[in-house]
Structures are given as structure tokens and as C-alpha cells.
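Please keep the sequence and the structure in view while reading.

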Amino acid sequence: MTKRLNEKVMVITGAAQGIGRGCAQMAAREGAYVVIADIQKEAGEATAAAIRAAGGQAVFQATNVVNETECAALMQAASETYGRIDVLVNNVGWFPRATLEETTTELWEQVLQINLRSAFYCCKYAIPAMRASGGGSIINIGSLNGIQGLPNLLAYSVAKGGLLSLTRTLAGAHAADNIRVNYLIPGWVLSEGELALQHSRGVSDADLQRAGQSLRLGRHQTPEDVAYAVVYLASDESAQVTGTILNIDAGATTLPISPGTLYVG
Ligand SMILES: NC(=O)c1ccc[n+]([C@@H]2O[C@H](COP(=O)([O-])OP(=O)(O)OC[C@H]3O[C@@H](n4cnc5c(N)ncnc54)[C@H](O)[C@@H]3O)[C@@H](O)[C@H]2O)c1
């Protein structure tokens, strides 16, 4: 039986752990050739090795996505290894909690670089390769904060809002190249990054469990919940979908906060 991503070449940034790793694993099971880009060498290699051990195709490319030269090298390596680039998932993100008063110039710059400038560089160097092979799909991992904004995630909210604008602008600019660009909103996923952050703020696992149970559909989202949507947007099943927002967040973006929700923030 033909798999949903049969031989599609897929670059996923920030795939050493968390949501990105879940996407890489599911994409490989669906037949994609996955290029894992991350700043964490050991964890990135381990993710690629686990995919290969399970019978999939994956390589790791050490990349700091805030560096333009490294993003260019990533796309070059993907093209040389597998012959083309069909899908780019801009998944890298960093979400330190800080209000306006708490946000220093340095933090502002760092958050904007990691969450927004990275996607600009990756698109800049992936799109020519996609155009050369007849098209592609770009999936930008956004956030509810890119639409609503949370006061204690100021710079992150601005960066994710910018990512939405990048999505729509590139979707319009490159439709004629058969390149689709979409924005996916995960809900609340207890990834390694999110868990470390919550623990550093003194939030316990029991608090997080109770908060999850109070969400509208009764639990946190998982990397797999997000990965199902990434596979859809990467596949030809979504051939007529571009410039859109896909929420995988149990209604968090579109519905009012449900009564009784314990939101840890
Ligand atoms: N976890 C959530 O609840 C949640 C909710 C909404 C959106 N998101 C978004 O989903 C995406 C993934 O988040 P996650 O929760 O899996 O995070 P995570 O912290 O668990 O994983 C992020 C990955 O990005 C890598 N990374 C960070 N900076 C990098 C850099 N400069 N160059 C290369 N790699 C770098 C890290 O090494 C890590 O492997 C992010 O864009 C995040 O904003 C997460």
C-alpha cells in the first residue's frame, strides 16, 4: 500500500525532541525521508537513529537556525542527500515567560530570532529548491499567542504573530510555484521544553495533570496529535490548502475558556 508521504523529502527543524520529534517519527512511518535539524547534536542523532532502527529514512544535520549560513547549509545538505526538498516544517521555538516589564532588549532579540528569523532563513533557502522540483509544502508551527497574545509571553506572542504574517505573505507569493504555506497551532503540549519551563517555575507534575484534565477535551495535546495534522498538510491530501490556520488545540484558540479551566500559563 502506498504510504501518505511516500518518498517525500521533509526537513523538520527542532526535531531532536518534543513536537518536532513526534512529527519526524510519524512522517517517517508514512514513508517520508526526514532531515532532522537541531542545535542538540546527541539528541538529534538519537532521533534519527531511532527512526532508522524502526525501518524509516532519516538523517540528522546539526543546525543553529538563527544562523543564515547554517540554514543555507541545511537545505543544501537535504537536497544533496535526497535530491530535492518537498516539505519544510518550521518547528523550532522557544517560549520563555516574560511580561513587557520583564522583557529586556536581549531577550526580545533572542525570542524574535529563534521563533521568527529562523523561519525566514529556512524559507529563503528551501523555496528555490522546492520551486526547482515543481512545488512543496511549508508548515509553520505557530501558537494561539500569535493570534490572541498572552501578557506573560510578550516577545513570543509578537514572534508567532509575525510567523502568521510570514505564512500568509509567502502563501500568496508562491502559490504560482505550487508551494503551499500553512500555520498550525498546537494547543498545550507537555514537551521536554514545556515541562522544563514549568518545573523551573515551581509547577508540579500534579498541578500540570490537574490543569490538563480541566482543558476542554480533558487532556493536554501530545506531539502525535500535532503530527497527524503535519502529515496531512505535508501530503497531497491538502493540495488545495494554503494560507490557512489549522488549530490542534481542543478549541483553545476559537472557543471561550471553558468554565473551571485551571490554566497554568
Ligand atoms: N509545547 C507547547 O505547548 C506548544 C504550544 C504551542 C506551540 N508550540 C510550538 O511548537 C514548537 C515546538 O515546541 P516544543 O514544545 O516541542 O519545544 P521543545 O523545547 O521541547 O523543542 C524545541 C526544539 O527546538 C530546538 N531548538 C531550539 N533552538 C534552536 C536553534 N536555535 N536551532 C536549532 N534548534 C533549536 C531544541 O533543541 C529542541 O529540540 C515551537 O515552535 C513552539 O513554540 C508549543
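Predicted model: local features only at pLDDT ≥ 70, side-chain atom pairs only at ≥ 80, totals over all residues.

Ala 250 is found in the segment that follows strand S7 (245-248), and its phi is positive, at about 55°, although Ala 250 is not a glycine.

**Residues with positive phi**

- Ala 250 has 19 other C-beta atoms within 10 Å and is therefore partly exposed, given that a residue is counted as buried if 20 or more such atoms lie within that distance.
- Asn 178, which is likewise not a glycine, has a positive phi near 60°, and this residue sits in the loop that connects helix H5 (154-174) with strand S6 (179-186).
- Asn 178 counts as partly exposed because 15 C-beta neighbours lie inside 10 Å, a number that falls between the limit of 12 or fewer for exposed residues and that of 20 or more for buried residues.

**Overall fold**

- The secondary structure of the protein is made up of eight helices and seven strands, and the C-alpha trace spans about 50 × 40 × 35 Å along its principal axes.
- The radius of gyration is 18 Å, which agrees with the value near 18 Å that a compact globule of 265 residues would have.
- Of the 265 residues of the protein, 45% count as buried.
- When contacts between residues at least 6 apart in sequence are considered, 74% of them join residues that are at least 24 apart.

**Nonpolar core**

- The largest nonpolar core holds 76 residues, of which Met 10, Cys 23, Ala 27, Val 34, Ile 36, Ala 126 and Val 230 touch the most other members.
- Helix H4 (residues 105-132) gives the most to this core, contributing 12 residues.
- Val 230, one of the core residues that touch the most other members, is in contact with Cys 23, Ala 27, Val 89, Ile 139 and Leu 184 once its neighbours within four places in sequence are left aside.

**Surroundings of the ligand**

- The ligand is surrounded by 28 residues, the closest of which are Gly 14, Gly 18, Gly 93, Ser 191 and Gly 193.
- At least two residues of this shell come from helix H1 (18-29), and at least two come from helix H6 (192-200).
- Sorted by class, the shell around the ligand consists of 13 nonpolar, 12 polar and three charged residues.

Conventions: Residues numbered from 1 in each chain as written. Near = placed C-beta within 6 Å. Helix = DSSP H or I, 4+ residues; strand = E, 2+ residues; numbered from the N terminus. Nonpolar A, V, L, I, M, F, W, Y, C, P; charged D, E, K, R; others polar. Rg over C-alpha atoms; globule rule 2.2 N^0.38 Å. Contact = placed C-beta atoms within 7 Å. Core = buried A, V, L, I, M, F, W, Y, C linked by C-beta atoms within 7 Å.
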